Each structure stands twice: as structure tokens, then as C-alpha cells.
Amino acid sequence: MLSAQGLSVSAIGKTFRSGGQTVQALDDISLSLPAGKVGVLLGPSGCGKSTLLRMVAGLEKPSEGAITLNGRAVNQPGRDRGMVFQDYTSFPWLSVRSNVAYGLEINGDRDALNEGTVDHFIRAVGLEKFADAYPHQLSGGMRQRVAIARTLANYPELVLMDEPFGALDPETRWQMQDLLLNVVRKEQNTVLVVTHDIEEALYLGDVVFFLSRHPGRLKETIHTDFKALLPRNDREAFLQSEDYRRLEIHIRRLMRDEGRDAA
């Protein structure tokens with residue numbers, strides 16, 4: 001069972017050196033994501049969404065502030081966090097089963113391998129009929145399912161996803177969104193997603209963190225509690241909801257405001 005503490009980002013700032021000048025990418029961002037919830041980083045291009053995600057992953061270090069996961073400081077990559085990228089990251093020389101098992105094997109987790117963890121997550125993402133196939137034999141959506149299964153098989157406390165469905169066609173993207181929600185509800189994962197798509201942000205997220213344009217600051221935290229009153233994974237009911245339309249209009253206004261400020 002995961003700790004109830006979840007993810008905490010406290011007064012994070014990030015500066016870069018570029019052309020002999022100091023560039024402030026992120027400024028004083030504080031947010032929290034409870035365990036078992038899906039959080040979404042949303043905002044205009046250049047607001048630092050992916051930079052913040054990479055700092056939570058331990059792939060970049062903040063210039064100031066602190067990040068903790070379930071009470072432990074995040075200073076470097078670790079098995080307690082798993083990352084799914086937009087680009088398909090399956091190893092082409094490995095089968096689906098071997099791809100999903102890869103992280104467990106390199107970490108020597110024989111117990112998980114012997115307990116059927118790999119097959120469990122292959123079934124969870126609907127690839128049991130393709131367990132022995134290779135990535136070049138799969139569609140883009142199926143290859144992304146492999147990446148999700150491989151990440152979840154390591155039982156990370158936090159799943160990080162950077163535009164995971166951005167390269168997919170709309171129908172496959174909707175299917176993958178539903179798949180993700182079904183799997184993380186069953187497994188009780190904590191998830192932090194980067195997207196630029198308002199509909200996706202509101203559909204996936206229990207909470208949406210809207211960042212302002214450069215330098216990125218947390219402009220607003222938006223909760224999507226209205227979805228608890230809707231049929232689960234009923235996209236039509238979601239899109240027709242007055243609460244959805246209200247929040248979509250509100251976020252579009254935030255986006256326009258950021259565009260005017262930049263201009």
C-alpha cells in the first residue's frame with residue numbers, strides 16, 4: 001500500500017545558462033499530488049512542463065527548492081519512479097514479453113518474475129495475444145501499451161508520462177486514455193502527466209496544475225471532482241457535462257491570457 005503522502009514539490013526554481021545569460025525556466029512552483037491520484041501539468045508551450053517532470057524523475061536537478069515522494073527526497077532517478085515518453089521506447093530486438101520483463105531482469109527482481117508480474121501487466125494492457133510479437137509488428141498504440149506495461153511492472157510509486165499519447169491518432173489516443181485510467185485505478189498508481197491538450201488534461205486528471213508562460217509558475221490548481229458524478233469512462237457524458245464545458249472555457253481563457261502576456 002502506498003503512503004498517503006504522495007508527491008510534494010516545494011518552491012522549485014530552475015535556471016539555465018544560455019548565450020552567456022541566465023534564463024529562468026521555472027520560478028517558485030509548489031504543488032502536491034496525493035497518492036493514488038492522477039495529476040496533469042498543463043500550460044502553453046515553453047512553460048516548463050517537461051522540465052518540471054524531468055526534475056521529479058530525477059533526470060534534472062532544480063536550482064532551488066525541494067521535491068519529495070512519500071516523504072523521501074528526490075535527488076536522482078530511482079525505481080520508485082517510472083517514466084513513459086512520447087516516443088515509443090520498446091527495444092526492437094526484444095519481444096513484448098521480454099520488453100515488459102526488462103526492468104525486472106536488470107534489477108534482479110526474481111520474485112516478481114516468478115510471480116507472473118510480466119504476464120499480469122501484459123494482460124492489463126490487452127496485449128496477451130501479442131506477448132511473443134516484436135515491436136515492428138505492432139501499431140503505435142500497441143507499442144505505447146508495451147511501454148506502459150514495462151513501467152508498471154516495476155511497481156513504481158509514481159508514474160511519470162511526458163505527452164504519452166501525443167503521436168497517436170485521435171481514436172487510438174482515446175482508447176489509450178481509457179486504458180490508462182482503467183489500469184491505474186486497478187493498480188492504485190499515482191500518475192503525473194504532461195500534456196498540451198485541454199480535453200485530455202480534464203479527462204485524465206483528478207487535478208490539473210496550470211503553469212504560466214516562461215518563466216513557468218503555478219498559476220492555478222484545477223480539481224475535476226465533477227467526474228465522480230458521471231459514468232466511468234463515458235466520454236460522451238464527460239464532454240456534454242456543463243462542468244467540463246465550464247472548465248474548458250476557463251482554461252482556454254487562461255491560455256489566451258498567457259498568449260497576450262507573451263505578445
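This is a predicted model: local features need pLDDT of at least 70, side-chain atom pairs count only at pLDDT 80 or more; totals for chains, interfaces and linings use all residues.
## Strand 8 and its neighbours

Strand 3 (residues 38–42) and strand 8 run parallel, joined by four bridges.

## Inside strand 8

Is strand 8 mostly covered or mostly open? Strand 8 spans residues 190–194, and five of its five residues are buried. The strand is mostly covered.

Now look at where the residues point. In a regular strand the side chains alternate between the two faces of the sheet. In strand 8, T190, L192 and V194 point one way. V191 and V193 point the other way. Residues of both sets are buried.

## Helix 5 beside helix 6

Helix 6 has a partner of its own. Helix 5 covers residues 140–152, and its axis comes within 11 Å of the axis of helix 6. The axes cross at roughly 20°. Angles under 35 degrees count as roughly parallel, so helix 5 is roughly parallel to helix 6. The crossing is right-handed.

Which residues make the contact? Helix 5 supplies G141, Q144, R145, I148 and L152. Helix 6 supplies T172, M176, L179 and V183. An α-helix has 3.6 residues a turn, so residues three or four places apart point the same way. Check the numbering of the contact residues with that in mind.

## Helix 1

Helix 1 runs over residues 49–57 and is mostly covered. Seven of its nine residues are buried. They are K49, T51, L52, L53, M55, V56 and A57.

What comes just after helix 1? There you find G58, which takes a positive phi of about 85°.

## A hairpin

Strand 9 (residues 207–211) pairs with strand 10 (residues 218–223). The sense is antiparallel, and the pairing extends over five bridges. L211 stands opposite L218 of strand 10.

How many residues link the two strands in the hairpin? The hairpin joins strand 9 to strand 10 through six residues.

Conventions. Residues are numbered from 1 along each chain as its sequence is written. Side-chain values use heavy atoms; hydrogens and water are left out. Buried means under 20% relative accessible area, exposed over 50%, partly exposed in between (1.4 Å probe, protein chains only). Two strands pair if DSSP finds at least two bridges between them. Axes are lines fitted to C-alpha atoms, for helices over the stretch in contact, and angles run from 0 to 180 degrees between N-to-C directions. Angles under 35 degrees count as roughly parallel, over 145 as roughly antiparallel, 65 to 115 as roughly perpendicular and the rest as oblique. A crossing is left-handed if the near helix is turned anticlockwise from the far one by less than a right angle, and right-handed if clockwise. Contact means heavy atoms within 4.5 Å.
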